[in-house]
Structure formats: structure tokens, C-alpha cells
Amino acid sequence: METTADLLVPSADLLVHDADLLATVDDGRREIAGGWVAVTGGVVSGVGGPGDPRPVAARTVDARGCLVTPGLVNTHHHLYQNLTRSFAPALTGGLFEWLVTLYPLWARLDEEAAYVSAYVGLTELALAGCTTSTDHLYVHPRGAGDLIGAEVRAAQDLGVRSHFTRGSMSLSVKDGGLPPDSVVQDDDEVLAESQRLVDAHHDRSPHALTRIALAPCSPFSVSTELMTRTAELAERLDVRLHTHLAETQDEDAFCLERFGRRPVDYLADVGWMSDRVWLAHVVWPSAEEVTRLGAARVGAAHCPSSNMVLGSGLSPVAELRAAGAPVGLGVDGSASADAASLWLEARTAMLQGKLRHGAGSFGARDALEIATRGGAACLGRTGEIGELSVGACGDLAVWPLTGPAFAGALSDPVEAWLRCGPVAARHTVVGGRFVVEDGVPVHPGLDEQLAVHRRVSERIQAPL
Ligand SMILES: [Zn+2]
């Protein structure tokens, strides 16, 4: 027999209710006016509308005046670069010049720098609704310690979902590459360290908070052998593979001169044309290469701001999606794009899409799609993150659509979300737990970490 006490036992941990619109981005792309979403044990346990019975919850959030979306998924970043954000001597060069200016400063990275840059960078992302981030840390100076272990600690302290990629560089200036000798490693060292990090931190369970992927920096900074052996190791360990590709026309020229191949041909040669792979940028594939990438289900992390700041170009996002390639969104490193808001990247992706194909193309829903489901597909987590459906991770963002910037925007909350603004998340929730609440990071360490960040940035930016 049910007693009154039983009826009052919460059946959900969290209930976000009465959203102006709940955009689930689920398989049916359901959008529910007055919708609610419940999270239990870190996982979405119910989704419904005003007429559906709601669970009793331990905690409730009134989302009137708000759009509720899945938490945004960041598919490309270099968190450590916020230590050299908007660095004056590097503001006018293209990609190669920018790298050569900054490598000697990045050679000063250590564990303290890795922790504080991740702490501050992941907090910045969470403030703009990001619940899962990747990071690509490819600068591992000799004697710097366990930089990725330090990043993992920061992410776990904050409670954000993260995919850390073990980056690598093996070609220094003396081998015809761009980085100084002090920040490259030999192939065996890179592969041993990759294996160690997977063993230590890669959580294979569903709804995992921390995963590891392998990520040579780019075809122009590692040896052919390391590209091939990294793909073999990723296959053996069953982890994902990431690198930069086809970012600039300089890269096309470099690959043609060094390998006699264009970047995508080279990628195929080294065993990377697989659905285990997602690539950052993908600005300059030919039409035929777009078809091949799509057929192989190779993912692309679209980084619209970075591609404009560095003058790299406009990525063929619509063509990649039409060809079948998963396309996600990335803020890219905070020394190129400088700002790290996925809301801003989503808006910029929308604007670039319209610029390329006309006003009728690439609406806010396309941008939301790549910022959520597309990112999940890039990370091999379709159905698990990037959508609000029963059984998915309880990761969501609550966006206020109020105040002067949204006055008059009555007819379409999803379009309003991206056309109006700028907007930050009111609440960012990972696995049912608040990371940002009422616009403020929940973890109490931010002021202290910002002071550490200032001191570390001054050390790293000191004259050589
Ligand atoms: Zn990058």
C-alpha cells in the first residue's frame, strides 16, 4: 500500500520545468513549448510537456522565460593557450607565423600552468553552456611533468565532462618542422605516454566524465611513422583519433612539397580515413575530398572564429554535412580565437553559413545541431550527450531570453537565442549537477585560480 510519505519521495534529482521552449535535439528534434526535463542519477529520466505528469524532484528549476537545450559540446580547444591570450606580438601573422612566435613561450608550460589554464578555460566554457569539452594539448616540453593529468584534475574538480587528447609533435625546426627542439618528443616516448594516459584516465563506461583520445598535432609537425603508429595504437586501445587538417592553403603547399600529396591523401596513406577520426578545421578540402571524408564518416570540428582570426578561410560545412561527415563545433585555442564561447561559435557558424549559401541556409537550428548532436557524433557519443532524451547524460543549458536584447523576439525562441544576445547560460548542468548556477560558477575556487592564472601568464609571456 502506498502511504503519503511514499508519494512525497522524490522520483527525480532535478526537474527543469516550464521552459518557454525545450529544444531536445533528440532523434525527432522535438521542441516542446512549456516543456520539462527530469534528471535522476546523472541521466535524463523524463522529458515532457505541460500535459504530461511530472515527477516529484528533490530540486526544481523554473525555466519560464528561458530556452532549454542540451549542454553544448566543444570538439576542439587548446586550453593552455589562454595563458597567451590576445598576445600582442602574435596578432597579425597567419597560422605558421603565429605558431613560430608562440612556441617558445609555450615551452614554459608546466603542471601548474596546465591545471590553471584548464580550470579557467573550462569555467569560461561552462558559463556559455558548454557541458562537454575536448582539449588538444600537443606541447609537452621536456621535464614539464604530467600536463594532461593536471588538466584531468581541473576538470574533475569542476565536474565537467571532458575528452582530453594526448597531442604530440615530433618534427622540430631541425627536421623541417616549425616547433623548437625543446617541445618535441620521439615516437616511442609519445606512444608510451599515450598508452599510460589511456590506462590511467580513459573511462569506457556509459555516461563517463573523462575520456582520452590520441592526437598528433598536424601532418606538418609529426613524422609519417608517428601518424601511422598512433592510428594503430588507437585501434588497439579502442580510443578516438584527432588532429588538425586542411586548415590553410599553406598546409596544402607544405604537404605537396614534403609528401607529394594533398593533406586528405596523406591522411588516407597513414590509415586515418575512419569513423574513429575527427579533424579540426577542414577548411580547404576539394569537393572530391569532401565526398571521401563523408563516405568514411570522418568528423570535422568546425572552428569559425579561429578560421577568420587567422585568415584561414571559410569551411565547407554544408557540403561536409551533406556528404555524411559528422560536423561539430569548436572554440579552438584561446590564443587564436581568443574568446571561448560556444554560443558565439554557434552564432558565427550560422553567419558564415548564410554568407556562403544565402539567407535561407544554415539557421539557428543547424547551428544548435552541430553544437550538440554533431559534437557528440565527432566524439563517438551519439545518444549519450548532445541531446535530451531518456537515458542520455543529464547535461543541459538554461538560456534566459529576457532583457533588452530579446525584447520583441516572440515568434521563434531558437532563432532568437542565436540572432539576439549575446547570451550566457543562466544554468549549466552536467550529469544533473550544477556547474553554473544563476550565471555564477558553483565551484568556489575561481578567484584564487584567476590570481594564479595571472601570475603564470606573466611568467610565460616574459621576454625570452
Ligand atoms: Zn587547433
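Of the residues of helix H15, Asp 447, Glu 448 and Arg 454 are exposed on one side, where exposed means over 50% relative accessible area, buried under 20% and partly exposed in between, computed with a 1.4 Å probe on protein chains only. The model is predicted, so local features need pLDDT of at least 70 and side-chain atom pairs count only at pLDDT 80 or more, while totals for chains, interfaces and linings use all residues. Residues are numbered from 1 along each chain as its sequence is written, and side-chain values use heavy atoms, with hydrogens and water left out.

Helices (H or I, at least four residues) and strands (E, at least two) are DSSP runs, numbered from the N terminus. H15 covers residues 446–461, and its 16 residues should span 22 Å at 1.5 Å a residue, which agrees with the 22 Å between its end C-alpha atoms; the expected span is 1.5 Å times one less than the number of residues. Gln 449, Val 452, His 453, Val 456, Ser 457 and Ile 460 are buried in H15. Because these residues cover an arc of only 140 degrees around the axis, they lie on the same side of H15, the arc being that of the directions from the axis to the C-beta atoms. Helix H2 (95–106) and helix H3 (111–127) are among the elements that cover them, in contacts of heavy atoms within 4.5 Å.

Helix H9 (residues 287–295) has Glu 289, Val 290, Leu 293 and Gly 294 buried. Its buried residues fall within an arc of 135 degrees, so they line one face of the helix, whereas Thr 291 and Ala 295 are exposed on the other side. What covers the buried residues includes helix H8 (263–269), strand S13 (277–281) and helix H11 (317–323).

In strand S11 (residues 210–216), seven of the seven residues are buried. Thr 210, Ile 212, Leu 214 and Pro 216 point one way, and Arg 211, Ala 213 and Ala 215 the other way. S11 pairs in the parallel sense with strand S10 (residues 161–168) over seven bridges, where pairing requires at least two DSSP bridges. Ile 212 is the bridge partner of Phe 164.

A search of the whole structure finds zero disulfides, a disulfide being a pair of cysteine sulfur atoms within 2.5 Å. For two buried cysteines, the closest cysteine sulfur is too far for a bond.

| Cysteine | Closest cysteine sulfur | Relative accessible area |
|---|---|---|
| Cys 66 | Cys 420, 14 Å | 0% |
| Cys 378 | Cys 303, 10 Å | 1% |
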